[in-house]
There are 2 protein chains.
Amino acid sequence: MSLLIVGSTALDSIKTPKAENPRLLGGSASHAAVAASFFTPVKLIGVVGEDFPKKYLALYRRHKIDLSGLQILPGKTFHWSGEYEVNMNNRRTLLTELGVFEKFSPHLPDAHKASPFVLLANIAPALQHHVLDQMSRPKFVAADTMDLWLNIALEDLLRLLPRLDCFVLNDSEAHQLTKEDNIFSAMKKIHKLGPKYVIIKKGSHGSILSSPRGHFICPAYPLHTVCDPTGAGDSFVGGMMGYLAATRGTIDNNFRRAMIYGSVVASFCCEGFGLDRTTRIKRTDIEKRVKELEKLTKF
Amino acid sequence: MSLLIVGSTALDSIKTPKAENPRLLGGSASHAAVAASFFTPVKLIGVVGEDFPKKYLALYRRHKIDLSGLQILPGKTFHWSGEYEVNMNNRRTLLTELGVFEKFSPHLPDAHKASPFVLLANIAPALQHHVLDQMSRPKFVAADTMDLWLNIALEDLLRLLPRLDCFVLNDSEAHQLTKEDNIFSAMKKIHKLGPKYVIIKKGSHGSILSSPRGHFICPAYPLHTVCDPTGAGDSFVGGMMGYLAATRGTIDNNFRRAMIYGSVVASFCCEGFGLDRTTRIKRTDIEKRVKELEKLTKF
């Protein structure tokens, strides 16, 4: 089944201790859409400026991403610039130019309104609401977020949570939202705010699911070198939702493997700058790492 | 088969945000020995002062720990006092009184010298050497360490590594030892220093094994409340070595399950002050959590 993804579509200038790469294709929706495209047809909702490189439109198209919901507006594409520390765990934002994103109002083509699977990738909660408002009853809705929205749009986010089936956030955001130090206590509190499935991401330590079938400890695929972790979280949730949308059977039955697939796509994301590595893999590369993860966790 | 354990035997005064407990039974050897005792007969090598409470000797005996290698010397028992921060991840040492530990020279009774399994729990590397020097050819030797020895006894530790089958350390110690940020690169370097099995502990994120059979991602048992993590690492390695010593078949075949058992015993350790909780469980409680971990990680 098809998957609708809304989120940011951006140009990322990324600095790591080893290299500097200006104006790569980035944004939560770009990473999530490419990740999901390995599994299911994706409909992208986003906005870019007139400066958006044609090669990136071609990249989306190569991944068979439906661009009829991508607005191209006069002005500049959202530009983010950030720098990673040596250990690649901490990053700081150097610059944020919103450009056309400032006035972005997601508009769904009629054909998109009945999409059964919806991923509200990281973007202002008001825009996530706005997408849901335009949809007929989707089968499964997941949303990601970031610390910024907890700081400046908490009310919108709290209103969003009851509208979700699945909420994905990282450990520090979970702490910020619930004031709980313990990850399992935090998930309990988040369930009470609405979503039936709660996933807490822990970077290279993997992620944890709390669901009607209990908890699942999802490993990260072990990487010997991390080139650029930007977009890893978006790739994780994109891959996961893509797998869920594509796979027959109940959500409950497929959820754990969906997270494993997400985890594997995220591992490829970390191995290159921006989407460099992810756009070069094939489904068979993903399957190989899924099998490896099976071996790595079996006891 | 029997397991010889050397390490510290101490009285721990532990402060957490919720409570304060003076002079609990502690020390790396105490935690490791009790953890291992659920699986195999344990021979303890250590030293205590004349002030060592009789109830703690009785506790060791209840766990059928052989105390013929425990020296009781004139003077005071090693006393450590520490305080945990709210999130229970960071702790600071308030006080260290070495007492009889200052002049400790481990002496192995003849009956101990042929123990097939040896755990050199956290203690000065010179003392770990001294124990190995007294042994005939043990089948499997594992050692734990701490940042202190990396700082003040690195040479002794580097001389120890080629004498080990298995070396266990935590992520920050691995970074300190190898200067590698990546956990897998760090393990590669540590293999070159000697041990065939390298385990890096990551606290509540579980642990990673690097071995001749490849890597294993070992989960931590999920805890909703952590009372006192002191001794969790010692319990992990104690439980692991106890299971290895007790279980038929090759070390390679048993290693992953051994880590899982260690992980489970460590989870009980965290649920009480000192050894309070660990000493109240039965083997069936351990088996129950091992089964739960199977469910929590299956996909």
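Me: What volume does the second largest pocket have?
Reply: The volume of the second largest pocket is about 230 Å³, taken as the space filled by probe spheres set on grid points joined across faces, edges and corners. A pocket here is an open set of points on a 1 Å grid over the protein atoms alone where a 1.4 Å probe fits, with protein on both sides within 12 Å along at least five of seven lines, and lining residues have an atom within 4 Å of a point. This is a predicted model, in which local features need pLDDT of at least 70 and side-chain atom pairs pLDDT 80 or more, while totals for chains, interfaces and linings use all residues. Residues are numbered from 1 along each chain as its sequence is written, chains are lettered from A and ligands numbered from 1 in the order written, and side-chain values use heavy atoms, without hydrogens and water.

Me: Which residues are closest to its centre?
Reply: Of the 15 lining residues, Arg213(A), Asp252(A), Arg256(A), Lys295(B) and Lys298(B) are the closest to the centre of the second largest pocket.

Me: And which helix gives the largest share of that lining?
Reply: That is α9(A), with 6 residues, where helices (H or I, at least four residues) and strands (E, at least two) are DSSP runs numbered from the N terminus.

Me: Switching to the interface, how many residues of chain B are in contact with chain A?
Reply: There are 28 residues of chain B in contact with 28 residues of chain A, contact meaning heavy atoms within 4.5 Å. The area buried between the two chains is about 2500 Å², with 61% of it from carbon and sulfur atoms; this is the accessible area (1.4 Å probe) lost on putting the two parts together, summed over both.

Me: Which residue does Glu271(B) pair with?
Reply: Glu271(B) meets Arg289(B) in a salt bridge, at 2.9 Å from N to O. The pair links distant parts of the chain, with Glu271(B) in the loop between α9 and α10 of chain B and Arg289(B) in helix α10, 18 residues apart.

Me: Is Arg289(B) buried or exposed?
Reply: Arg289(B) counts as buried because its relative accessibility is 10%, whereas Glu271(B), at 24%, counts as partly exposed. Buried is under 20% relative accessible area, exposed over 50%, and partly exposed in between (1.4 Å probe, protein chains only).

Notes:
A salt bridge is a side-chain nitrogen of Lys or Arg within 4 Å of a carboxyl oxygen of Asp or Glu.
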